Amino acid sequence: MSVAPLAAADSCGDALTPISAIQGTRDTSPLQGSVQRVEGVITLDGRGPGGLSGFYLQSLPDDTDANVSTSEGLFIFTGAEGGQVGDHVRVEGSIKEYYGLTEMTGRGSVEVCGSAALPAPVPIDLPLTHPERLESMRVTFDQPLAVIDTYAYGRFGAVTLAADDPLRSQRPQQHRKNRQYRILLDDRRLAQNPEILPLPQPRLSAGNSLRTGSRLAPVRGVLDFRYDHWRIQPEVWPDIVIANERPAPPIAPQAGVIRVASFNTLNFFNGDGSGGGFPTARGADNRSELKRQQQKLAAAIRGLEADVVGLMELENDGSDTDSAIAELARTLGEDWAYVSQAFAGGDAIRVGLLYRSDRVEPVGDTRVLSDGVFSRYSRAPVAQDFQSRGGEGRMRVVVNHFKSRSCRNAEGDHRAVDEGCYAPVRERSARELLAWLETLPESGNLLGTLILGDLNTYIGERPLAILAAAGFQRPAVLSGEDQHTYRFKGVRGVLDYILPDESLQSRVTGGDVWHINADEPTVLDYNLEFHPPKRAERLYGPGPWRSSDHDPVYLDIRLDRH
């Protein structure tokens with residue numbers, strides 16, 4: 001169809017430019033910078049406060065072309081009133097590219113010409129192939145899609161969908177590097193920090209979560225491109241058809257069994273320990289946030305029913321009564337105690353040990369390795385022997401937190417690609433940890449050693465292989481092929497481990513990952529920033545959900561015969 005010249009025509013049915021001619025066959029419009037007139041049917045209206053500042057227009061049947069490479073949809077950027085979904089309208093405006101989206105900036109009023117049937121949505125699937133040909137058109141996914149990332153949901157109202165829920169150990173390169181394999185489900189709004197988060201219906205709340213791994217009913221809406229991502233602006237909010245339900249808490253261990261857990265607390269800092277000293281280097285910005293964080297962490301730790309808990313990302317402020325670990329122990333109750341240690345290394349965070357004093361007791365000295373790679377990069381590991389009250393067998397628990405995979409300040413070999421930045425540091429950490437353990441003295445009735453913590457190492461990477469070669473291997477109960485403890489940019493994997501040595505492997509009676517954090521939306525955590533009035537209170541619950549960004553791991557070990 002030829003492009004009609006722009007004349008004085010300004011009434012419905014007069015000369016117009018087909019939307020397909022404006023879109024063209026390439027990523028940018030061949031008519032960019034010109035003024036055109038178009039007609040079509042409004043398929044989705046995003047005008048109004050906080051909305052998309054416009055509406056989507058799609059060609060009427062007589063105005064479409066036969067070229068499958070050209071889109072029949074166009075976003076009309078306008079605040080002018082007139083028309084609603086299902087109306088045939090005429091608009092005049094300038095053609096422009098707005099960060100990759102071809103749009104018309106409307107000039108003047110929106111003329112309503114009548115009503116029209118909505119064009120049938122085009123069936124699509126992932127991976128997206130040549131999405132430009134469907135830009136701003138009605139589309140529908142025929143199959144349910146998996147929610148794989150909710151990190152930006154609270155800030156921007158968008159969640160990431162994919163055909164499946166990728167696992168890091170399977171090395172899904174297409175999911176991490178190729179955006180064709182994922183799409184954003186948007187909320188039809190430009191406003192940040194929306195008051196209402198509509199998924200899952202009727203809205204997100206502390207007790208109505210949108211957990212990653214859930215599947216949504218086939219989504220129907222308009223295919224949109226904004227902020228460097230393809231997304232779908234839904235016509236209706238899809239229901240969850242397969243829910244990743246919140247799991248029940250672990251059952252308490254049997255008599256004679258010691259449960260050991262590993263838990264990254266996501267920066268538990270308590271200011272000066274007396275209600276002041278905020279904001280700190282990390283964690284809670286004020287006393288109100290700290291109280292919310294404490295409640296969630298306490299619910300998670302109590303729910304584990306553990307006897308010994310190795311913690312990561314504690315404030316590195318010693319062990320006196322004002323320290324972070326002391327405050328956390330007090331929050332848990334009178335049966336809880338902690339292993340005292342001085343400042344450990346030069347990092348703002350450290351590891352620590354909590355234990356149930358009515359069930360187990362520490363034996364011998366607490367040992368800390370703060371030399372070598374642990375003096376600068378990885379956090380200083382802590383080793384402590386434990387035995388059950390009235391028992392004889394002892395177990396050595398060694399808590400670790402290896403250097404993160406972040407590329408901040410990484411240079412040279414530290415910018416390794418295959419296993420993340422600072423991969424050589426984590427490999428060296430594994431070797432130096434093993435060498436240090438060899439120097440620790442044996443104690444009476446020591447039955448074996450557990451290495452646990454956030455190793456910032458995925459399954460199949462070298463640090464884990466080094467530890468396994470020395471006898472510290474993942475027990476069968478924690479080795480499920482579909483297991484994960486952490487999610488990052490839509491991909492899940494294992495970063496948190498409890499690794500018994502060969503002598504303890506036969507004493508393992510159970511264990512699991514408690515999925516209370518990694519699958520939960522970030523917006524449900526303790527933080528108060530980036531919330532409109534009253535939303536933080538509505539979304540907050542004192543339970544364990546989103547108490548951290550890592551899932552806790554636990555392992556049951558029988559030290560004594562009964």
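Visitor: Hi! What should I know about the model before we start?
Guide: It is predicted, so local features need pLDDT of at least 70 and side-chain atom pairs count only at pLDDT 80 or more, while totals for chains, interfaces and linings use all residues. Residues are numbered from 1 along each chain as its sequence is written, and side-chain values use heavy atoms, with hydrogens and water left out.

Visitor: Where does E132 lie?
Guide: E132 sits in the loop between β7 (122-124) and β8 (138-141). Strands here are DSSP E runs of at least two residues, and helices are H or I runs of at least four, numbered from the N terminus.

Visitor: Which residue is the nearest side chain of opposite charge to E132?
Guide: That is R133, 10 Å away. Lys and Arg count as positive and Asp and Glu as negative, with His and the chain ends not counted. E132 is buried but has no salt bridge. Buried means under 20% relative accessible area, exposed over 50% and partly exposed in between (1.4 Å probe, protein chains only). A salt bridge needs a side-chain nitrogen of Lys or Arg within 4 Å of a carboxyl oxygen of Asp or Glu.

Visitor: New topic: how many salt bridges does the structure hold?
Guide: It holds 32. One of them joins D228 and R179, with closest N and O atoms 2.9 Å apart.

Visitor: What does that pair tie together?
Guide: D228 is in the loop between β13 and β14 and R179 in the loop between α3 (173-177) and β11 (182-185), so they tie together parts 49 residues apart in sequence.
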